[in-house]
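Please keep the sequence and the 3D view open while reading.

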Amino acid sequence: MTAIDSPNAAVPAAHSIDAPIPGALRLSYRQFRYWVTYTRRTWRGGLLSAILGPALYLTAMGIGLGTLVDRGSGLPGGVRYLDFVAPGVLAANGMQNAFGLSTYSVLGSVKWFGNYWAAVNTPQRPEDVVTGHAALSLVWISGVTGIFFAFMAGFGTLHSPLGILAWPASVLTGAAFMLPIMSYVITLDSDQPLNTLFRFVMTPLFLFSGTFFPWQQLPGWAHPIAYATPLWHGVELCRSLTLGTATWAGSLVHVAYLLAFALGGYAVARITYRRRLYR
Amino acid sequence: MPGEVLIEARELSKQFTKKGAPPFTAVAGVDFEVRRGEVFGFLGPNGAGKSTTMRMIGCVSPSTGGSLRIFGLDPMADGPAIRARLGVVPQEDTLDTEMLVRDNLHVYGRYFGLPRPVIRERTERLLEFVQLSDRAGDKVEPLSGGMKRRLTIARSLINEPEILILDEPTTGLDPQARHVVWDRLYRLKQQGTTLILTTHYMDEAEQLCDRLVVMDKGRIAAEGAPHELIESYSTREVLELRFPLDEQEQAAEKAAGIAERVEVLPDRLLLYADDGDAALQAVRGRGLEPITALVRRSTLEDVFLTLTGRTLVD
């Protein structure tokens, strides 16, 4: 036992031989707490952009562009453009934050800062690391989409009491991207592929998943591609909830699709994290 | 005197397979055991398999052959339970450089589930131990390499580990910083902590280790206490001679027979003899005039050279 010049060596060791090792939940919570401490010094900048972003978007898109659209031929069904675009951007906001949280911070943890390596030298296992890190990211996504949702509500875009569910739906959209991306990024050795991911995956999704214009405007061959993307499901789900057009069947399909991505990604991440951290 | 066996490895090996590349054997069947209270070293050049062995002991690298028991437990099945009783100082510091010195110990202590007051009390004690008390409230980033190393050592002790594992603890540090680290490790040894370290510095191994294995190309070439290894694999003294480079080969031929063994290094000749001064006189007696001549004691470096025909640090 290492007792460093200890006048009162009564301090118990972390675990005596018989002490049981805590369960996965507790271990993951410890990893979550690490990220809470980590986030304490970075949250200000993130929060500022989380507030400024939606305010600018809603003003520019909804009111600026929206005035033009609504004065022109308008949207099918006479939906106000701001009401149309706000839930779309809400879902996209969940996705964008998911990309931000699951790329550089994951690669950095294993490549530049080494905090993942430090963690697995303790009772933490790779599974606890991925769970705890993902949990903090989900809390963060909930916070920023919550702020966006509050702005949306302030701009008068909620047309159904069920609209409140668009908030958790956008968090689920974020999870559907975050966990698969984490499972991929942990396998990387350089940040080169991340640029590709942002440029050729996130940006096209953002533009062509029906966020800014009705997806029906896309050529017919592109429709199946739209259906396949989780963002399309997230946008449709959020929009139908805030416009009050949601159906049980449609909503369940969207939720199931997003959940499948999130849980599938989580299952794969548990494997890829183990492969990387237990080499 | 020898304590209970804490770590036991039998035919332990590790092979890395990568798609499209031939499998690479980092550790090729090693046997060793580490007892409570001893300082055990792995001495060898880069790529000898030391770090891989350390990672297997640290339960973060599954072995691909042989067996390994730590505290009598299986490292892959009982990793968390074993790691709860280990302290690890990895080759790279892996500190949170943006966090405060104090917070680095705090977040680490929480991984072990230690209560806040316990972490606070130990943090104070450990920072004092590594002589960083006055930097507790500073960020890690501006600390010197030696300070970061000491902080990593303090962090690894937060759970009061039974075994402390150090992978190249002083690589990259300047001589003064190395001596401070050695001094701290020596104190830990005095307090009875079991230490396992890897190094490619023979002076580090000689100063700190009770017992060590010499590793080369994934295998153990020799095992014993530093002085035993020197006695078994080298002479008492070594005569180092420098000649003009183009005359070196000739000089080596002329000096043959004076010493038990002559090694020709790129820049000098080593004559292994129990009496270095006598050997030097004999060299001069044969009409050789070296540019410089130095008689010194044999070291682990010589042991390594004898065993492998190569030097430790290329």
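Against which helices do the buried residues of helix 4 of chain B pack?

## Basis of the report

The model is predicted, so to speak of local features requires a pLDDT of at least 70 and side-chain atom pairs count only at pLDDT 80 or more, while totals for chains, interfaces and linings use all residues. Residues are numbered from 1 along each chain as its sequence is written, and chains are lettered from A and ligands numbered from 1 in the order in which they are written.

## Helix 4 of chain B

The buried residues of helix 4 of chain B pack against helix 3 (101-111), helix 5 and helix 6 (175-190) of chain B. Here helices (H or I, at least four residues) and strands (E, at least two) are DSSP runs, numbered from the N terminus. A residue is called buried if 20 or more other C-beta atoms lie within 10 Å of its own, exposed if 12 or fewer do, and partly exposed in between, with C-beta atoms placed from the backbone. In helix 4 of chain B, the buried residues are I119(B), R122(B), T123(B), L126(B), L127(B) and F129(B). Seen down the helix axis, these buried residues fall within an arc of 140 degrees (the arc of the directions from the axis to the C-beta atoms), so they line one face of helix 4 of chain B.

The length of this helix can also be checked: at 1.5 Å a residue, the 14 residues of helix 4 (residues 116-129) of chain B should span 20 Å, and the end C-alpha atoms are 20 Å apart, which agrees. The expected span is 1.5 Å times one less than the number of residues. Just after helix 4 of chain B, Q131(B) takes a positive phi of about 60 degrees.

## The sheet of chain B

Chain B has an open sheet of six strands in the order 5-6-7-3-8-9, with mixed pairing, where two strands pair if DSSP finds at least two bridges between them. Strand 5 (86-89) and strand 9 (219-224) of chain B are the edge strands, each of which pairs on one side only. From one strand to the next, the twist averages 15 degrees. Angles run from 0 to 180 degrees between N-to-C directions, and axes are lines fitted to C-alpha atoms, for helices over the stretch in contact.

Strand 8 (residues 211-216) and strand 9 of chain B run antiparallel and are joined by five bridges; in strand 9 of chain B, I220(B) is the bridge partner of M215(B).

## A residue in strand 1

R10(B) lies in strand 1 (residues 5-18) of chain B, and it counts as partly exposed because it has 13 C-beta neighbours inside 10 Å. Leaving aside neighbours within four places in sequence, R10(B) is in contact (C-beta atoms, placed from the backbone, within 7 Å) with D31(B), G66(B) and S67(B).

The secondary structure of chain A comes to 11 helices and zero strands, and 44% of its 279 residues count as buried. The C-alpha atoms of chain A fill a box of roughly 80 × 35 × 35 Å, taken along the principal axes.

The contact takes 32 residues from chain A and 38 residues from chain B. On the side of chain A that touches chain B, the largest share, five residues, comes from helix 5 of chain A.

Notes:
Two residues are in contact if their C-beta atoms, placed from the backbone, lie within 7 Å.
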